[in-house]
Protein chains: 2
Amino acid sequence: MADPSPSSAKFVAEDKLIRWLRRRTADRGGRLIGDDAAVLPAGEEWAVTMDSQIEDVHFGRGLEPEAIARRLLAVNLSDLAAMGGVPVFAFLSLSAPGDFDHRRFFAALVAECEEYDLDLAGGDLTKNRQIVAVMTVMGRRPRGQRWLLRGNARFGEDLWLGGTVGEAALGLALLREGAVMKGDSLHVPESLDLSGDLLIAARRAIRRHLLPTPQLELGRWLGTQEEGAAIDLSDGIASDLNRLCQESSVGAEVEIERLPVPSDSKRLAETLGCDWRRLALAGGEDYVLLFTLPNEAEPPKRLGCVRLGRIKEGGVVLLENSESTPLLPLGWDHLAAKE
Amino acid sequence: MADPSPSSAKFVAEDKLIRWLRRRTADRGGRLIGDDAAVLPAGEEWAVTMDSQIEDVHFGRGLEPEAIARRLLAVNLSDLAAMGGVPVFAFLSLSAPGDFDHRRFFAALVAECEEYDLDLAGGDLTKNRQIVAVMTVMGRRPRGQRWLLRGNARFGEDLWLGGTVGEAALGLALLREGAVMKGDSLHVPESLDLSGDLLIAARRAIRRHLLPTPQLELGRWLGTQEEGAAIDLSDGIASDLNRLCQESSVGAEVEIERLPVPSDSKRLAETLGCDWRRLALAGGEDYVLLFTLPNEAEPPKRLGCVRLGRIKEGGVVLLENSESTPLLPLGWDHLAAKE
């Protein structure tokens with residue numbers, strides 16, 4: 001008869017890993033790991049995010065365990081940034097094959113959590129043929145600030161972006177063409193024939209894809225403002241701006257010449273046969289904040305934000321040479337198919 | 001060039017599903033679904049659990065979407081029961097193939113959440129070749145009660161079980177032998193030659209495996225007691241009792257003749273060539289509470305608890321015919337290999 005308990009044999013190893021983790025995190029949330037549930041202190045209002053990183057979906061096979069851990073944390077913190085929250089606790093559910101290097105994954109995750117002053121407080125571990133990492137992050141609202149909601153955009157506000165867009169999609173395109181990043185070293189297939197500025201743009205694009213930077217500081221600044229909505233760009237401006245507008249019952253106008261795409265990235269996109277406008281509008285995984293502010297407000301210069309357009313009545317449109325066309329909530333495939 | 005955005009195309013469908021879910025949950029937590037994070041009210045101390053259900057790991061291919069949803073919720077609520085908590089919010093991360101019936105899954109999950117007075121408050125959805133469902137549940141502590149911790153067992157306390165054990169493992173064995181349960185109808189392969197009592201025991205075992213019942217009421221009762229530890233049995237008495245004893249720095253003695261295994265289940269185990277003692281001690285996935293209480297205390301009769309042994313100094317041992325042997329924290333494989 002077959003083994004009637006698929007999960008029992010692995011648990012001695014899981015207990016060992018949890019003991020190691022507790023030692024690593026003993027001076028922080030380590031006390032929380034190990035019971036049937038983690039107990040969190042009362043008194044806070046919590047924003048709770050849940051996001052995943054799945055092999056062959058969000059990243060390709062062979063990505064280093066450290067990179068998976070950092071990306072998982074980053075995409076969750078980006079959601080929290082879009083709420084104006086401060087990260088406090090993380091929970092992890094990790095399924096991975098027996099030969100996955102859990103120690104490397106957890107060492108990187110714990111170090112990254114320390115960086116963000118965040119406690120890894122619990123989770124579960126399973127042996128599985130595919131790497132599936134899911135995280136829940138709980139964040140608190142800074143005292144005296146508000147939560148940033150998607151539904152707070154108002155007519156007449158300006159539409160802003162927290163940074164450049166399209167580079168993450170460009171980085172993914174490079175990885176799919178055979179580029180490989182191990183630690184800090186980049187290998188680009190000779191067939192791509194990249195050098196000089198384009199090589200620099202390629203490295204930046206791949207780093208942007210593999211390790212997005214959650215805009216927590218920008219989110220906190222936005223939380224100090226009395227008005228405005230925010231969302232983080234995970235699926236691209238086309239999809240996410242439509243979501244924000246739908247939640248706020250408003251329309252918006254994006255001026256195409258304001259799209260913040262570095263000129264070397266535009267040239268790199270051209271070299272790869274991609275349209276930079278499409279990368280910027282529908283590329284996805286940029287993880288910068290898309291937000292609105294009253295006309296008189298402006299984020300601190302050091303945060304590198306760019307005014308992209310405005311909130312108005314009607315639908316969501318793209319403005320190019322004073323001609324406006326609808327910007328539909330479609331992904332790359334659909335925009336590509338229209339050409 | 002390949003599509004540089006793996007996640008964008010599916011999101012129109014995701015938005016549609018989320019709108020449907022919002023309508024379904026509008027009178028409850030529906031307002032919480034849809035922003036970058038869910039915002040939870042302040043004032044409570046939270047117990048947070050995270051557990052998963054993965055195809056080919058926790059359940060076999062072809063399990064009905066409703067059963068996956070119910071099992072996922074049940075294993076999380078069982079962890080919360082072991083803390084003495086009351087469920088309040090659930091978060092779901094679901095990865096599944098394009099032909100997975102999300103509506104059936106969510107309809108069952110929402111109905112089950114209503115049953116437990118629990119709000120589905122957020123999560124994420126991904127298209128993936130394998131079904132991986134991960135849930136985070138947040139529970140509150142009933143006013144005036146304590147959290148049940150693994151580390152609270154004291155010398156001299158009695159050791160208790162919240163119900164029968166070994167049946168879930170027996171159910172899994174039957175499924176692996178080709179038994180199929182669809183809705184309420186059970187099909188058992190003729191080769192197993194089961195009838196009468198054994199067929200009744202088979203049905204009960206499979207239901208026990210597919211749909212464990214979280215012992216929330218028992219957990220709440222235990223939380224009213226001033227002393228005692230608790231853990232839920234996910235990996236079997238052998239593993240989980242060792243965990244409880246390690247956290248409490250105590251030993252324990254289990255009397256083998258007190259193991260609560262129904263007599264028809266024992267006979268069914270025999271028919272299948274399994275040793276019922278091994279099923280009971282290392283079978284796993286029973287999801288009943290294993291707990292300790294001072295000698296004078298006793299749970300209400302209606303909760304069906306059984307006194308199993310006692311907390312003592314030294315290691316964790318099994319007592320049979322006044323002879324004691326070490327009960328090691330090993331799963332089925334290891335116990336089986338010893339014979």
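In this predicted model, helix α4 (residues 167-176) of chain A packs against helix α8 (residues 263-271) of chain A, with the axes 11 Å apart and at an angle of about 35 degrees. The crossing of α4(A) and α8(A) is left-handed. On the α4(A) side the contact is made by A:E167, A:L170 and A:L174, and on the α8(A) side by A:S265, A:L268 and A:A269.

Lysines placed over tryptophan rings come next. In chain A, A:K266 lies over the face of A:W276, at 4.1 Å from the ring centre. In chain B, the charged end of B:K266 sits over the ring of B:W276, and here the distance from the ring centre is 4.1 Å.

A:W160 belongs to strand β6 (residues 158-161) of chain A and A:F291 to strand β11 (residues 289-293) of chain A, so the pair ties together parts that are 131 residues apart in sequence. Both partners fall under the 20% limit for burial: A:W160 is buried because its relative accessible area is 4%, and A:F291 is buried because its value is 0%.

A tilted pair is found in chain B, where the rings of B:W46 and B:F89 are 5.7 Å apart from centre to centre, with 55 degrees between the planes. This pair, too, links distant parts of its chain: B:W46 is in strand β2 (residues 46-54) of chain B and B:F89 is in strand β3 (residues 86-96) of chain B, 43 residues apart. B:W46 and B:F89 are both buried. Back in chain A, the three phenylalanines A:F100, A:F105 and A:F106 form one aromatic cluster.

B:N128 is found in the loop between β4 (119-127) and β5 (132-140) of chain B. Despite this loop position, B:N128 is buried, because its relative accessible area is 5%, under the 20% limit. The side chain of B:N128 is joined to that of A:Q130 by a polar contact of 2.8 Å. Beyond its neighbours within four places in sequence, B:N128 is in contact with residues of both chains: A:I54, A:V57 and A:Q130 from chain A, and B:S95, B:A96 and B:P97 from chain B.

Terms used:
Residues are numbered from 1 along each chain as its sequence is written. Chains are lettered from A and ligands numbered from 1 in the order in which they are written. This is a predicted model: local features need pLDDT of at least 70, side-chain atom pairs count only at pLDDT 80 or more; totals for chains, interfaces and linings use all residues. Side-chain values use heavy atoms; hydrogens and water are left out. Helices (H or I, at least four residues) and strands (E, at least two) are DSSP runs, numbered from the N terminus. Buried means under 20% relative accessible area, exposed over 50%, partly exposed in between (1.4 Å probe, protein chains only). A polar contact is a pair of N or O atoms within 3.5 Å; within protein, one must be able to donate a hydrogen and the other to accept it, and residues adjacent in sequence count only if both atoms are side-chain atoms. Contact means heavy atoms within 4.5 Å. Rings of Phe, Tyr and Trp (its six-membered ring) pair if their centres lie within 6.5 Å; planes under 30 degrees apart count as stacked, over 60 as edge-to-face and the rest as tilted. A charge sits over a ring if NZ of Lys or CZ of Arg is within 6 Å of the ring centre and within 35 degrees of the ring normal. Axes are lines fitted to C-alpha atoms, for helices over the stretch in contact, and angles run from 0 to 180 degrees between N-to-C directions. A crossing is left-handed if the near helix is turned anticlockwise from the far one by less than a right angle, and right-handed if clockwise.
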